[in-house]
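Let's take a walk through a protein model together. Have a look at the picture first, and then we'll go through it piece by piece.

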Amino acid sequence: MDGLHQALVREGLSVIFVNLGESRPTVARATAAHRFTAPVLLDTTGRAARAYGVTGTPSVFIIGRDGTILGSAVGPRPWTEASGRALLEALVRARPGEPVRGAGAAPAGTLTPDMPLTPTGPARSH
Amino acid sequence: MELARGGRPQEPWTLYPGEYGIFDRRTRSQFYFHAHAGADHEAAHFHTVRLFPDRTAHLVAISMAPTGWPQALFTVNGWAIGDAWETSANLKRYVRRFSIGVGRGPAPLVRFVNPRVRGLPPGDRGAPGPQGKDVEGPCRGSPGSGPTPGSVARSAESRRDRRGGPPCRVPDGGSRPAVMRALAFAALVGLSALVGAPATGRATPRGSDPSSAADLWSAAEISRATQQRPAPVVDLQDLRGNRVDLRQFHGRVVLLYFWGSW
């Protein structure tokens, strides 16, 4: 994931890691182990996780250039493989308001209008 | 484990063989291999998953000893990984139909994982499935391969494993350690019992839609929002104590990645 940030940051893509409630030293160690170069934020109170309805890790939200949520995924996804790169590169290339070519057909799944954005508590452990 | 890592060194949290593990779109089955930092009760584990367009269902995880032997099966905390509650019937069906096709990954690896989940011997040699009829008695793991105190949640069968029984065979691609099939059944029963009570009875997941195969969202297995919704505020500190506001990134495409080091 961090590799994507490095590869596409100049094209207009940013990855932001939001840690779910762990201590600063723990996050610092994990960040070093992962060799993250993208920003790592500390959601110590779970406020951001609740706002996004995060119920598990990893949860990823794609936010468009206009600040709207374009999509989401929970669990491993092929972010760095051809299919993931193709989607992200298309999103980066598209201008605000412009549909993403090839992305207009039926989606893999959908964020429904009643998608929970209610507090469910941050993920803890598995 | 060497096969799962593709010859690469083991690093904590890294998913192997790749960030997407091994995924069979035809059966919507997936597994991936990783290790948690600081975990001394195991070398690493496989997660097995049914990945549907609208949901993810973790099945069992296979804990591996440093010697390369499978040492336990465990289930994951659905609350932590974001799975929807499932009915027992759904979970049994997910397990029964878990299958990574030959050619999706290294053959010995696929042959190792498939029967661990389905409780079937490699090659579907007539075993009746995860209903327990085919489960043999417990056997011993290799010396030193048993679970250690403080290990992951274990089934009753894995505890029995430490008490003795005939030796298990090394999964060399053609053999089938009976203990893992017994464990698979025990874990399935446990999993079903766990989820039986609070199940919300969501609909059976949709299968993949071939007509959308070219769709970028579908190909990447990412759920696309159906309505425009502004991203909620994120205004937090980074590791250095600097305040970072998501609004600073307006005009960029952002991947907001919620994670934990557990």
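## A strand under cover

How many of the seven residues of β1(A) are buried? Six of them are, and the strand is mostly covered. Here, "buried" means that 20 or more other C-beta atoms lie within 10 Å of a residue's own, while 12 or fewer makes it exposed and anything in between partly exposed, with C-beta atoms placed from the backbone. Strands (E, at least two residues) and helices (H or I, at least four) are DSSP runs, numbered from the N terminus.

Before going on, some bookkeeping: this is a predicted model, in which local features need pLDDT of at least 70 and side-chain atom pairs count only at pLDDT 80 or more, while totals for chains, interfaces and linings use all residues. Residues are numbered from 1 along each chain as its sequence is written, and chains are lettered from A and ligands numbered from 1 in the order in which they are written.

## Strands that cross between chains

Who are the partners of β1(A)? In chain A, β1(A) pairs with strand β2 (residues 40–42) in the parallel sense over three bridges; two strands pair if DSSP finds at least two bridges between them. In that pairing, A:Val18 has A:Leu41 as its bridge partner.

## Where the chains touch

Chain A puts 79 residues into the contact and chain B puts in 62. Two residues are in contact if their C-beta atoms, placed from the backbone, lie within 7 Å. On chain B's side, α2 (78–81), α7 (216–220), β6 (223–225), β7 (235–238) and β9 (253–259) each supply at least two residues. β9(B) gives the most, with seven.

What is that side of chain B made of? It divides into 36 nonpolar, 16 polar and ten charged residues. For this tally, Ala, Val, Leu, Ile, Met, Phe, Trp, Tyr, Cys and Pro count as nonpolar, Asp, Glu, Lys and Arg as charged, and the others, Gly among them, as polar.

## The nonpolar cores

In soluble globular proteins, nonpolar side chains tend to be buried together. A nonpolar core is a set of buried Ala, Val, Leu, Ile, Met, Phe, Trp, Tyr and Cys residues joined through C-beta atoms within 7 Å. The largest one here has 47 residues, and A:Val18, B:Leu256 and B:Tyr257 have the most contacts inside it. β9(B) gives the most to this core, with seven residues.

Zoom in on A:Val18: leaving aside neighbours within four places in sequence, its contacts include A:Leu41, A:Ala48, B:Val234, B:Leu256 and B:Tyr257. Apart from this core lies another, of 34 residues, among them B:Ala44, B:Leu51, B:Leu91 and B:Leu109.

## A helix with one buried face

Next up is helix α4 (residues 82–93) of chain A. Its twelve residues should span 16 Å at 1.5 Å a residue, and its end C-alpha atoms are 16 Å apart, which agrees. (The expected span is 1.5 Å times one less than the number of residues.)

The buried residues of α4(A) are A:Gly84, A:Leu87, A:Leu88 and A:Leu91. Seen down the axis, they fall within an arc of 90°, so they line one face of the helix; the arc is that of the directions from the helix axis to the C-beta atoms. Their cover includes β1 and β3 of chain A, together with α7 and β9 of chain B.

Most residues other than glycine have a negative phi, and most peptide bonds are trans. Now look at B:Tyr16 and B:Pro17: a cis peptide bond joins them, with omega about -5°. B:Glu221 is not a glycine, yet it has a positive phi of about 60°. This residue is in the loop between α7 and β6 of chain B, and it is buried, with 26 other C-beta atoms within 10 Å.

B:Arg28 has a positive phi too, about 55°, and it sits in the hairpin of β1(B) and β2(B), which has four residues between the strands. B:Arg28 counts as buried, with 23 C-beta neighbours inside 10 Å.
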